[in-house]
Amino acid sequence: MYDSYYNKKYDFKEITYSKSFPNLHKYPAAMLPQIGIEILKELNIKNGKLLDPYCGSGSSFISALESNIFDFEGYDYNPLAILICKVKFTKINIDDLIMEYNRIKENIYNDKYFYGIKDELENYIPQFKNIDYWYSKNVQIKLALIKHIILNINNNDIKNFMLLVFLDAARTFSYTRNNEFKLYKIKEEDILSFDEDVNSYFLDKLMSNIELYKNYYYKYFSNKINALFYNEAFYKKNEYFDIVLTSPPYGDSRTTVAYGQFSFFANIWSDNTEARKIDNILMGGKNKK
């Protein structure tokens, strides 16, 4: 048995994730990177290859980078989690992001562009039961237009960056309560006054994410980052890791945090066929003896 004791320095009272490391997309129950930084410092770990088998939105990798560890590998069954990691830890030219931002802005408000692809847009709206329960028709078309523009970007890294912002908008403009992890529809009276300005929100959020990426994450790329992320469960591999730093799924009631419900709209608009199954597949999703 290991002895355990209470160490006050790990309380991190009044410390938030966003205070030092603002995320590019919300994610439930994310570990404070400051915790990982302090652990690595206490154990005097300064190099090596790090594994996080439940990586979520990548808190452990921020801890690694802040500790001058640039070689890491992450696994998560939630596609949204892996996309967040890929965007945060992939080097993209800032000028190219600004250029793509301007092109998207021009196309979103270009009537000629819209009417040229109008008949195709139904193909970009996910076909799932009760979509009209969660989205107005107007919002569905606006989201489909943005999705069409993004999916026709040639550079995959830039496409992922734009897609992450789009998926944020896809959740924000659904009728779910955005302050909840689980899916709860807003009240009918709130639907009557629901803001449907998808375009302005998307463009503002996109510019905000470009600024956050430039000011908080781009600095790490002065070193060579060797980062690999896999949308799957971690399995036995014929390789070695020097460090395992992870924050496993947190318990909530008898199962776990509703990661799948939180990311349902993001995953469904990403055309993921298992969007409804994620919570059951994740650790803690099923009761087992």
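**Group meeting: aromatic pairs, a helix and a pocket**

Let's start with Trp134: its relative accessible area is 12%, so this residue is buried, under the 20% cut-off. Before I go on, please keep in mind that this is a predicted model.

Now, what about the neighbour, Tyr133? Here the relative accessibility is 42%, so Tyr133 counts as partly exposed. The two rings make a pair: their centres are 5.0 Å apart and their planes stand at 85°, which makes Tyr133 and Trp134 edge-to-face.

Another edge-to-face pair is Phe173 with Phe194, where the centres lie 6.4 Å apart and the planes meet at 90°.

In total, the count is 29 aromatic pairs. Tyr133 and Trp134 also belong to one aromatic cluster, together with Phe128, Tyr135, Phe166, Phe264, Phe265 and Trp269.

On to helix α11, then. It runs over residues 198-217, which is 20 residues. From first C-alpha to last it reaches 26 Å, close to the 28 Å expected at 1.5 Å a residue. Which residues of α11 are buried? They are Val198, Asn199, Phe202, Leu203, Leu206, Asn209, Ile210, Leu212, Tyr213 and Tyr217. And what covers them? The cover includes α3 (59-66), α4 (79-88), α5 (94-108), α8 (137-151) and α9 (156-172).

Next, a histidine for those of you who like them. His25 is placed in the loop between α1 (17-20) and α2 (33-42). Is His25 buried or exposed? Its relative accessibility is 4%, so it counts as buried. Setting aside neighbours within four places in sequence, His25 is in contact with Leu80, Ile84, Leu164, Leu167, Asp168 and Phe262.

Rolling a probe the size of a water molecule over the atoms shows where empty space is left. The largest pocket has a volume of about 410 Å³. It is lined by 29 residues, and the closest to its centre are Pro53, Tyr54, Cys55, Asp76 and Pro249. How does that lining divide by class? There are 19 nonpolar, seven polar and three charged residues.

That's my tour, and I'm happy to take questions!

Note on methods: Residues numbered from 1 in each chain as written. Predicted model: local features only at pLDDT ≥ 70, side-chain atom pairs only at ≥ 80, totals over all residues. Heavy atoms only, no water. 1 Å grid on protein atoms, 1.4 Å probe; cavity = no way out; pocket = protein on both sides within 12 Å on 5 of 7 lines; lining within 4 Å. Points joined across faces, edges and corners; volume = space filled by probe spheres on them. Nonpolar A, V, L, I, M, F, W, Y, C, P; charged D, E, K, R; others polar. Helix = DSSP H or I, 4+ residues; strand = E, 2+ residues; numbered from the N terminus. Expected span 1.5 Å × (residues − 1). Buried < 20%, exposed > 50% of the residue type's maximum accessible area, 1.4 Å probe, protein only. Contact = heavy atoms within 4.5 Å. Phe/Tyr/Trp six-rings, centres within 6.5 Å; stacked < 30°, edge-to-face > 60°.
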